[in-house]
Amino acid sequence: MATGEAEWCGCLNGTEGTWILLSLQSVNVNQDSTTQESSNDIRKRVEKARMRQYNRYQQEVSNAKVLFETIVETSPLTTAQKKTLTQISSKQNWSNRVQIKIIRLARTISDLAGDERIADQAIWEAMTLRCWGQNKQMTIAREK
């Protein structure tokens, strides 16, 4: 781990007395600009992700628009991923609709990373973005 970076490891109380172990590592946002991805590289990665989606669904449709059943059929979650999503969703009181959005987002994150399957990291990132979005909305509502 580089100087100035910290790692956090902790537990969240899950449902029915289970514990979820989280290990988070901070990200240095002040990276040297030579290591950051250029706009052109990002565009190419997005184009590759779109092509991956078009090939997977055999039509020009993105993860956001394809039927959820098609996503489940072509990119099934592992048992561990389902269990994790169910536990966190129960704790956060997320509806089925929210869980579907998380799975769609995780599929897109995995496509951008070049993964054929939905990665565990993508599920965590999608759930984290959901929590961050909820907190941001609450902050904005309080400011009004």
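Which residues of helix 3 are buried? I started there and found Gln81, Leu85, Gln87, Ile88 and Ser89 as the buried residues of helix 3. A reminder to myself before going on: this is a predicted model.

**Overview**

I stepped back to look at the whole protein chain. I count five helices and two strands in the protein chain. Reading along the sequence, I get the pattern β-β-α-α-α-α-α. The protein chain has 144 residues, and 26% of them are buried. I also looked up how far apart in sequence the contacting residues are. Of the contacts in the protein chain with a separation of 6 or more, 47% are between residues 24 or more positions apart. For the surface, I noted about 10,500 Å² of accessible area on the protein chain, with 52% of that belonging to carbon and sulfur atoms.

**Helix 3 and what follows**

Back to helix 3, which runs over residues 79-92. I checked its length: 14 residues, reaching 20 Å from the first C-alpha to the last, close to the 20 Å expected at 1.5 Å a residue. Just after helix 3, I came to asparagine 93, with a positive phi of about 60°. I made a note of that, as most residues other than glycine have a negative phi. Asparagine 93 sits in the loop between helix 3 and helix 4. Buried or exposed, I wondered about asparagine 93? It is exposed, because its relative accessible area is 69% and the cut-off for exposed is over 50%.

**Helix 1**

Next I went to helix 1, residues 39-57. I listed Ala49, Gln53, Arg56 and Tyr57 as buried in helix 1. Looking down the axis of helix 1, I see the buried residues fall within an arc of 85°, so they line one face of the helix. What do the buried residues of helix 1 pack against? They pack against helix 2 (68-74) and helix 4 (96-113). On the face of helix 1 turned away from the buried side, I found the exposed residues Lys48 and Asn55.

I then looked at glutamate 47, also in helix 1. At 41% relative accessible area, glutamate 47 is partly exposed.

**Glutamine 53**

I listed its contacts, leaving aside neighbours within four places in sequence, and got Val61, Ser62, Asn63, Thr108 and Asp111. For one of these, I took the C-alpha distance as well: glutamine 53 and asparagine 63 are 10 residues apart in sequence and 6.9 Å apart in space.

**Rings**

I searched for aromatic pairs and came back with zero in the structure. I did find a charge over a ring: arginine 56 lies over the face of tyrosine 57, at 5.3 Å from the ring centre. Arg56 and Tyr57 are both on my list of buried residues in helix 1.

**The loop after helix 1**

Just after helix 1, I ran into glutamine 58, with a positive phi of about 60°. Glutamine 58 has this phi although it is not a glycine. I placed glutamine 58 in the loop between helix 1 and helix 2. Its relative accessibility is 68%, so glutamine 58 counts as exposed.

Serine 62 lies in the loop between helix 1 and helix 2 too. Is serine 62 buried or exposed? With a relative accessible area of 13%, serine 62 is buried, because the cut-off for buried is under 20%. Which residues does serine 62 touch, not counting those up to four places away in sequence? I wrote down Arg50, Gln53 and Tyr57. Of those, Gln53 and Tyr57 are among the buried residues of helix 1.

Key
Residues numbered from 1 in each chain as written. Predicted model: local features only at pLDDT ≥ 70, side-chain atom pairs only at ≥ 80, totals over all residues. Heavy atoms only, no water. Helix = DSSP H or I, 4+ residues; strand = E, 2+ residues; numbered from the N terminus. Expected span 1.5 Å × (residues − 1). Buried < 20%, exposed > 50% of the residue type's maximum accessible area, 1.4 Å probe, protein only. Arc of directions from axis to C-beta. Contact = heavy atoms within 4.5 Å. Areas by Shrake-Rupley, 256 points an atom, 1.4 Å probe, with all protein chains shown as cover. Phe/Tyr/Trp six-rings, centres within 6.5 Å; stacked < 30°, edge-to-face > 60°. Lys NZ or Arg CZ within 6 Å of the ring centre and 35° of its normal.
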